[in-house]
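Could you look over this structure with me before we discuss it further? My comments are set out below as numbered points.

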Amino acid sequence: MLFPTLEFGIFFLVVFAIAWELKDSPEGRKTFLVAASYVFYGYWDWRFAGLLAASSLINYAAGRLVTIASSDRDKRMLVALAVAINLSILAFFKYYGFFLEQLAELLAQGGMVRDLPFLEVILPIGISFFTFQGISYVVDVYREEIPAERNPLNVFLYISFFPQLVAGPIVRAADFLPQLKAEPRLDRQMVAMGIALILLGLFKKMVIANYLATLLVDDVFFSPDAYSGPDLLLAVYGYAIQIYCDFSGYSDIAIGVAALLGYHFKANFLQPYRSASLREFWRRWHISLSTWLRDYLYKPLGGSRHGTATTYRNIMITMLLGGLWHGANWTFLIWGAIHGVALVVERMVLAVVPASGSGVVAGDSFGGAVKAGWGGGAGRDAFARSLGVLITFNVVCLAWIFFRSESLDYALLYLEGLTNWSGPVEMATPFLVALVAVSLASHFLPEDLLPNAVRWLENRSALTLGAVLGFGILLIWAIAPEGVAPFIYFQF
Amino acid sequence: MSSFAHAFRRKFFHERVVPEAAASARSKSAPPRPIPPVGHRIGEAEDRSPARRIALVALLIAAGVLAVFNSEGMVSTARDLAESRVGRSMLPVAERWDGAMEQIGAKRLVASVRGLMLDMQYARWADVAALFGAGNDPMAAERPEGEALYSRALPEEER
C-alpha cells in the first residue's frame, strides 16, 4: 500500500478513528495498531508478514534473555547471537544471490565451474529497516539505555509500526518505546505538523521526484551514451533532487502520519544540499541511518578514539558497509567508498587548514567532534562556505552516478559522457531546468519555514485545516504526472 | 465509524479495563484513584479532546473535497480493485459518482490546472523568451487569442 493512493487514504482514516477511540485502552490500542501494521505490510505480500513476526519475536526474546543473563559475558554472547541472527536473515534475502554470483565468477576465472545452489529469492520490502530496528532494540537493552520489554506487544509495534515500516526513518527503541508507555496525546501542534508534513511529503514525491524521474533521469541513466555532457550533468543533478524528494518525501509523510497517531519521530533530512562539507552532509542526509551507523558500527569499532589511522579505517568500514546496506551491487559499494574517501580526505585537509569557526562543521559525526571549516579568516567565510557547498554537492553527485547506474559499466559510460560537451542538448527544457534549479534553491530557504507554517496552521479551525489538506492534495494530484511510482527506498 | 469503534472497544477492551482498575484499587500500595464523575466511564473523562475532533473533521473534509473534485481517482482505484468482489461492486458506483461530478462541473478545476502544467512542461526556451518580451510568442500564433495550449481538453495520449 503506497502512501499517495486512495487505498492508503481510506486505510489511514479508519486507523486514525479507531486508534483514538481506543485511547483509554492502551493494550487494545497497541493490538489494533499492530494488526493495522500487519495489514499494511501484508497488502504487498502476506508471506512476509511471518518474517516480520519472526524478527519481532527473536528480538523480543533476545531482549528478555539479555536482561535475565547474570554475567556480562553471557549478555555479550546473547547480543552477538541476536545480531548475527538478524544479519543472517538480512544477508540471506539481500545478498545470497549476489555473493553466489561473485563466487561463481571467481571459480570460473580459476577454471573451476561448479553448480551452485542459486535460488529465486524475493526481497521482502522494508527488511533492511526493520532488521536495523531489531538490532537497535537488543543493543540498547544490553547497553541499559532501555529496559527489556516484558510486553511483546511493545516490541511488535516498535518493529512493525506502519508509518516507518517499509522505508524508515529507522526509529530508535529508546525514542519510541517510552512513547508507548505514556498516554497517547494529540494536540493542535501535532495535528498541524502532521498535515503540513503530509502535504510537503506528497508534493516532494508526487510532483518533483516523479517529474524528474519520468521526464529526465530514467531516460538518461538508461542509455547514458545517447546523451551529451550537459544533458548528463542535468540528469545527475536531477537525480540528486529526485532521490532527496523521493526519500525525504516518504520520511515527511511517515513522520506526519505518526504525529496524527500521537507519536513523535525525529527528522530524517535537514536540507542536505546546503551542506558545506561531507561531514555536515551526513548530519543532514538520512539522519536515522547515519546516526545508526555511527552508534552501532563506527563507535563500537573504536570511532575516533584510537589515533588517526584507526579513525580513517573506521570511517571507510562504516561507509562501505553503509553502501552495502543499500543493496548487493558493486555500485553501492563504490558509492560508499566515494563517501568514505571523501570524508577521510576532508578530515586530512581540515587537519592542515585552520578552522574558520564559520560553523561549517560542528558536532559529532563520522570522524568525531571536530569544529572545522573550509578556508581561513572571517572575511572569507561566505566565499569559503559557498565553495564548500559547491564541492560537497558535486562529490555527492559523483557518488549518485554510481548509486543510480544499473552496473559499473553504465556508471563508467556516464562518467565518460560527462566529458563530451559537443553533442546536442535535448533534455534541458525550461520546465526541467527550472524544476532542478528551484528545488536546489529550496535547500537554502530559512530552516524555520516549516515550523512557521505549522504555527500558522495550529490555530486554524477544522474547516480551514480540512480545506488546506483537501485542496492541497487535490492541487498536488492535479499538477503531478499521472501514475504513482514506487518510492526508491522500497527496494532497500 | 464511531459507533463501530465504541462497540469494538466495549466488547474487547473496556470490560477488561474495569476489572484491572478494580484490582489495582484493591492493592494497598496503589495510589488513591480519582472518582470519575457521574455518567462517565473510567478513562473517558478526556475522550473528546478538541485536537482529535479537529483532526478527524479535517480528514473527513479533505476526503469530501477529494471525492467531489477528484472523482476520477475513485474510478481508477475501483478499476484497480476490479478483480475482487468489492471492487466489482464499487466500480459502477464510482463511475456514476464521477459522471455526476462531471455534470456539475467539479472536474474542471483539476483539468484546467493540468492544462497549465502541460503548457509549462512543453514550453520551449523561445516561449520563455517571448513571455519576457524578448521575442515573438510562437505558441500564441498557433492558437486562438486568449486560449492556453491545453486548457480546454486534456490530451491524455500525449502524457
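This is a predicted model: local features need pLDDT of at least 70, side-chain atom pairs count only at pLDDT 80 or more; totals for chains, interfaces and linings use all residues.

1. Within chain A, the domain assignment gives two parts, with domain 1 covering residues 6-184 and domain 2 covering residues 190-444, and the C-alpha centres of domain 1 of chain A and domain 2 of chain A lie 26 Å apart.

2. Where these domains meet, 22 residues of domain 1 of chain A are in contact with 21 residues of domain 2 of chain A. On the domain 1 side, at least two residues each are supplied by α1 (6-21), α4 (72-109), α5 (127-142), α7 (162-165) and α8 (173-181) of chain A, and the largest share of that side, 5 residues, comes from α5(A).

3. Turning to the two chains, the contact between them takes 36 residues from chain A and 40 residues from chain B. On the chain B side, α1 (2-26), α2 (50-69), α3 (71-80), α5 (108-121) and α6 (125-131) of chain B each contribute at least two residues, while α2(B) gives the most to the side that touches chain A, with 15 residues.

4. How do the residues of the side of chain B that touches chain A divide into nonpolar, polar and charged? There are 26 nonpolar residues on that side of chain B, together with 9 polar and 5 charged ones.

Technical notes
Residues are numbered from 1 along each chain as its sequence is written. Chains are lettered from A and ligands numbered from 1 in the order in which they are written. Domain bounds come from an automatic or database domain assignment. Two residues are in contact if their C-beta atoms, placed from the backbone, lie within 7 Å. Helices (H or I, at least four residues) and strands (E, at least two) are DSSP runs, numbered from the N terminus. Ala, Val, Leu, Ile, Met, Phe, Trp, Tyr, Cys and Pro count as nonpolar, Asp, Glu, Lys and Arg as charged, and the others, Gly among them, as polar.
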